[in-house]
Amino acid sequence: RQRQMCIRDRTLPYAGLLYRFADNYTVYTSYTETFMPQRDLGEDFTRLAPSEGRNVELGVKGELFDGRMLATAAVFRAKHDNTSEAAGNTTDPVSGGVVRVYRGVDFASEGVELEVSGYLAEGLRGNINFTVLQIEDDNGDSARHYVPKRTLNASLSYQLPGVLPLRVGGGLSWQDDTYIELPTFGSRIEQDSYTLVNLFAQYAITENLSASLNIANVTDEKYITSLYWEQGFYGAPRHGQLTVSWAY
């Protein structure tokens with residue numbers, strides 16, 4: 001009963017341009033198109049047509065402190081056509097069961113991304129990335145509120161000086177609050193902003209043998225991983241992993 005779509009081939013264009021306007025600075029721009037076949041069924045019980053899109057990015061990169069650090073700032077805008085979005089439940093005329101159906105919706109997204117990475121001091125390496133994102137539907141209204149609009153990721157690692165072959169570090173990831181409306185039930189599910197903290201240590205026992213310890217979600221944060229499917233699952237609580245590796 002499902003209509004099958006056969007796509008023999010598809011060519012997606014991509015173009016990029018870089019211009020170095022100073023010894024340590026480069027400006028760049030890029031354009032690409034996307035194509036994604038979809039498995040979701042529409043209200044007529046046929047598969048939705050593929051989702052297509054276009055993405056444009058403009059940014060600048062620069063080396064700081066004699067090349068020890070790299071900084072990037074970019075703005076981007078993307079158009080997503082016929083993206084699958086839940087349209088509710090309906091009754092299957094054959095089986096009589098309840099079936100979730102979808103519809104194709106057009107979206108536009110735009111945002112800013114800032115990133116700095118490199119060596120803060122001898123043996124100390126860091127990275128920080130901050131992104132701001134806005135998504136609108138074809139009416140210009142804010143959409144897809146289950147996608148965080150602001151995210152922050154940061155990490156630090158330190159190689160102990162001297163002969164001790166020990167590297168330690170950690171990282172954190174933060175996202176702002178998200179929610180999803182449930183028109184069928186007249187309610188809304190919300191997820192507050194949260195931060196996850198991870199730690200690690202790696203020790204080289206010999207030239208070939210090393211051991212590493214990773215502890216994830218150190219603060220034992222309680223959070224829901226995603227609200228995309230109008231349902232949520234709790235993320236993993238605090239947990240650790242000890243790994244021994246042999247390289248030859």
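Residues are numbered from 1 along each chain as its sequence is written, and side-chain values use heavy atoms, with hydrogens and water left out. Because the model is predicted, local features need pLDDT of at least 70 and side-chain atom pairs count only at pLDDT 80 or more, while totals for chains, interfaces and linings use all residues.

We may begin with the loop between β3 (51-64) and β4 (69-91), where F65 is found; strands here are DSSP runs of E, at least two residues long, numbered from the N terminus. Most residues other than glycine have a negative phi. F65, however, has a positive phi of about 55 degrees without being a glycine. D66 is placed in the loop between β3 and β4, and its phi is positive too, near 60 degrees. F65 counts as exposed because its relative accessibility is 53%, and D66 counts as exposed at 80%; exposed means over 50% relative accessible area, buried under 20%, with a 1.4 Å probe and protein chains only.

Turning to strand β12 (residues 209-216), S212 lies within it. S212 is buried, because its relative accessible area is 15%. Leaving aside neighbours within four places in sequence, S212 is in contact (heavy atoms within 4.5 Å) with A201, Q202, Q241, L242 and T243.

Key:
Helices (H or I, at least four residues) and strands (E, at least two) are DSSP runs, numbered from the N terminus.
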